[in-house]
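Colleague: I would like to learn how to read a few features of a model. Please take them in turn.

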Amino acid sequence: MDAGKPTPATAASAGTVETAKGRCVALLESLHLLSERTLCSSFEVTLSRLIHSELRFLNSLSDAEISSRSTLSLNVGHLEAVVHVLWQPFVTAVSRVCRPIRISESESIYVDIVCSVEGDPVWVTVSDRNPRYITWEDGNTGLKGRISKLVRLANQSSVMVMPSWILMFFSYGIGADVHQKLQSEFGAIELKTDPFVCEEIEMGDQWTNLVLCRFFLDACAFKIKVGPNTLPVMETITRTSSMDYTGTCRKCVEQMHLDLGLFFCSFLSAMKCWCCSFHVISEQEVEFSSLVNFDTTALIAIVSGISNGGTAKLLSTPQVELRARFKGNLEFVIAQANSEDEKPILIEVSCSVSGKRGIVCESVFAEFRELISMCGGPNEKQRAECILKFIKVVPDCPSTRIMSLPTTRKMDMKNKVVFGTGDHWHAPTLTANMAFVRAVRQTGVSLSVIDHRPRALIGK
């Protein structure tokens, strides 16, 4: 919310400067750990540049300059707050940090983070100000005026970057009067945030938790709705009459007595089924936490023999036979088998889909059935039949914002339909197609995904 401006001035002293330097160093370490954990470095470059810029400013101050100043305006607190928000578990699909968004030829707006929160595209603004200086009505500098401008420009932004919500984070909290005005005049919804971030590290023969950067004990966060509520109603999810997969539940899966594999059955059991649910599901239940969209790479990985206990037999097969079967893809398949032995993919992915219902668009449904028919082995075909009974097929209905992206070699129409359908239902897409995801995020558009390592069909 500070729009890139320095945080309130603090008393100038050599001790203050040295403390600020230490905070910058700790922030760089926290940022590096964050990028490793999220496997995303898009925000690290920008924030690292800003932190190093702050360090250069602090290092340039001589003792004489420090003693001649009564106060210092520092930006490290604002950067700490931005990184703290990025650490929050509800923040995903970060596509832009600390950069302005162009609204028109003559107008732009600074936003600290562009990301997804619970499946919705969100603009995040951060304030590191003392609550005493956050006033409600004070012309253009008051919080009301700044929020009004944010909402207005958000509604005027292009469909590709238009947020569903604006999220405001206040490092030191806000006064009771401002809190009440936020809720009464803008319908703001308060979000719970973690007050600090810990990283487990090994010290000798023991593990301990290390707190990264500063505490945000008084912090609070609110989200404000932008534009009309366009949440789709689940009653529109129907199967066409040509599709005979009516859905089943985990009880039915257990009664099949098929050799589907322990990991596969555990994966399905972790998810919610459709047939045991009420036929009509209320609009309030259609939220990010309730659905997951599968693309073709995800379905292939779930039913693959590699993911379901077939690695030992595969790796013990003579090279000549493997070369004849997989031809130029042999190295790719062997690498996947070794990866599976180290870290089974279905155990990893089960945590991400636990408690969710699965959907798949008609395009993926048709493509997956064709691939299974041509390349799947008997067990892989049985698993495919089972999972297609467990998830629900929805029409191809890509969101306007994803379809508004330019169609290129990396952002082809087929994938825009698949990922756009997940976006339409506010559901993350389970995928190994990170090339498409990176191409989308490079445009500044947030896209909710759950990534997984690829797996191939092995005809078993």
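Colleague: Does Gly377 count as buried or exposed?

Modeller: First, the basis. This is a predicted model, in which local features need pLDDT of at least 70, side-chain atom pairs count only at pLDDT 80 or more, and totals for chains, interfaces and linings use all residues. Residues are numbered from 1 along each chain as its sequence is written, and side-chain values use heavy atoms, with hydrogens and water left out. Buried means under 20% relative accessible area, exposed over 50%, and partly exposed in between, with a 1.4 Å probe and protein chains only. Gly377 has 2% relative accessibility, so it counts as buried.

Colleague: Where is Gly377, and what does Gly377 touch?

Modeller: Gly377 sits in the loop between α14 and α15 (378–390); helices are DSSP runs of H or I with at least four residues, strands are runs of E with at least two, and both are numbered from the N terminus. Contact means heavy atoms within 4.5 Å. Not counting residues up to four places away in sequence, Gly377 touches Gly459 and Lys460.

Colleague: How are α9 and α14 placed relative to each other?

Modeller: Two packed helices are described by the angle between their axes and the distance between the axes. Axes are lines fitted to C-alpha atoms, for helices over the stretch in contact, and angles run from 0 to 180 degrees between N-to-C directions. The axes of α9 and α14 (residues 362–375) come within 9 Å and cross at roughly 40°. The two helices are therefore oblique to each other; angles under 35 degrees count as roughly parallel, over 145 as roughly antiparallel, 65 to 115 as roughly perpendicular and the rest as oblique.

Colleague: Which residues make the contact?

Modeller: From α9 they are Thr296, Leu299, Ile300 and Val303, and from α14 Val364, Glu367, Phe368, Leu371 and Ile372.

Colleague: Which residues have the most contacts inside the largest nonpolar core?

Modeller: A nonpolar core is a set of buried Ala, Val, Leu, Ile, Met, Phe, Trp, Tyr and Cys residues joined through side-chain atoms within 4.5 Å. The largest has 53 residues, and Phe264, Phe267, Phe294, Phe368, Ile387 and Leu430 have the most contacts inside it. Helix α9 (residues 296–303) gives the largest share of this core, 6 residues. Another core, of 43 residues, lies apart from it and includes Leu28, Leu74, Val83 and Phe90.

Colleague: What is Thr193 in contact with?

Modeller: Leaving aside neighbours within four places in sequence, Thr193 contacts Gln88, Phe90, Phe169 and Ala221. Thr193 is buried, at a relative accessible area of 15%.
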